[in-house]
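Me: I'd like to go through the charged pairs in this protein with you. Could you take it slowly, please?
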Amino acid sequence: MDDMVGASPAICGVFEKIAKVAATEMPVLLTGETGTGKELTAQAIHARSVRKLGPFVPINCAAIPETLLESELFGHERGAFTGAIHPQKGKLEAADGGTLFLDEVGDLLHSSQVKLLRFLQEGTFERVGGQETLHVDTRVIAATNVDLKAAMDQNRFREDLYYRLGVLHIHLPPLRDRGEDALLMAMVFLQQAATTTHKTIRGFSVQAIDALRRHSWPGNVRELKNRVRRAVVMSEEEEITRQDLDLSGEDLPATDSLDSLRAAHQRIETELLIRALTLHRGNMSRVARDLQVSRSTLYRKLKQYGLETITTTLMHPTVTTRSTRKQTDNQVLTKQVP
Ligand SMILES: Nc1ncnc2c1ncn2[C@@H]1O[C@H](COP(=O)(O)OP(=O)(O)OP(=O)(O)O)[C@@H](O)[C@H]1O
Ligand SMILES: [Mg+2]
């Protein structure tokens, strides 16, 4: 099962929404900055829906020239335009029985927006240059990292389509708002990369952890994953350093207020717990021994910091992925989407 890592309240809210929308047939709108996991979320919804055995067909509206987009999406008939020698199915038809992932939906031209709206309302459309009204059973999940409301105000995006698409809306929070998830993901990505490259790497240095914490992650999870992978490839030591990650450690402005003792205490405990769990791949006896606490104290702390669910992941870092996955990423599920 391809899946998503995270234990912060922000991402757990997303997991709950994924489970809810997966049980419906309605369109979904995913929003969030670049690299926050919109495509992964669309795949997760598809994989949990009754359509899971059907195709998952992505189309990136921003990556296809405007003139070709309508035909890519809805297909065309012979002679529809110069070069249209054969009739061709579009992605909407290719996704029949499954899910169409309409990425960067804000880039759809007006004419395609009208056609899409009609499809969402009536389930019908015509290929470009075609007369025949076609009907397919395709669920639409759309995504955008631009503000569609602003596009709507400037008449670049149809209001009716916006409301139709956005009945079910999931916002992927930026990584900087996900608390300790950056660390947790860094650990998981490190293990995956170490396994792939057959390297023995025990974890991150203290400075590296500090830098991972302080960085503001403008590229979100994609940036984190790339930095960790590159670090694992380049590293010649057993520990990944701040330099391996190419992080200065001075990104987020240092707050001038002091941590309360309690907050500092919790921060240090979380960090130690995550480090020890990674080091011992979730082996609780060893973690308890290293941290010199009883197993019951350890379980209580894990519960207190919402870390119980990460132990299973760390014990089984590599997870089989579906054969239909286009990427080689090995996502693992930390907090099970119910
Ligand atoms: N919660 C997560 N757990 C594990 N991996 C994740 C998670 N979120 C994102 N990723 C990984 O981060 C990378 C970027 O995710 P994805 O492509 O889904 O982002 P996106 O929001 O579609 O980005 P963009 O807006 O740039 O298209 C992918 O390799 C994905 O597998
Ligand atoms: Mg994407």
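Reply: Gladly, and please keep in mind that this is a predicted model. We can begin with arginine 158, which counts as partly exposed because its relative accessibility is 24%.

Me: Which residue does arginine 158 form a salt bridge with?
Reply: The partner of arginine 158 is aspartate 160, and the closest N and O atoms of this salt bridge are 2.6 Å apart. Aspartate 160 is partly exposed as well, with a relative accessible area of 33%.

Me: ok, and how many salt bridges does a search of the whole structure find?
Reply: Searching the whole structure gives 13 salt bridges. One of them links glutamate 269 with lysine 301, where the closest N and O atoms lie 3.2 Å apart.

Me: Is glutamate 269 buried or exposed?
Reply: Glutamate 269 is buried, because its relative accessible area of 18% falls under the 20% cut-off. Lysine 301 also counts as buried, at 18% relative accessibility.

Me: New topic: which residues are joined into one network?
Reply: Glu25, Arg51 and Asp137 are joined into one network by salt bridges that share partners.

Me: And what about arginine 118, how far apart are the closest atoms there?
Reply: Arginine 118 forms a salt bridge with glutamate 122, with the closest N and O atoms 3.7 Å apart. Both sit in helix α5 (residues 110–122), and because they are 4 residues apart, about one helical turn separates them.

Terms used: Residues numbered from 1 in each chain as written. Chains lettered and ligands numbered in written order. Predicted model: local features only at pLDDT ≥ 70, side-chain atom pairs only at ≥ 80, totals over all residues. Heavy atoms only, no water. Salt bridge = Lys/Arg side-chain N within 4 Å of Asp/Glu carboxyl O. Helix = DSSP H or I, 4+ residues; strand = E, 2+ residues; numbered from the N terminus. Buried < 20%, exposed > 50% of the residue type's maximum accessible area, 1.4 Å probe, protein only.
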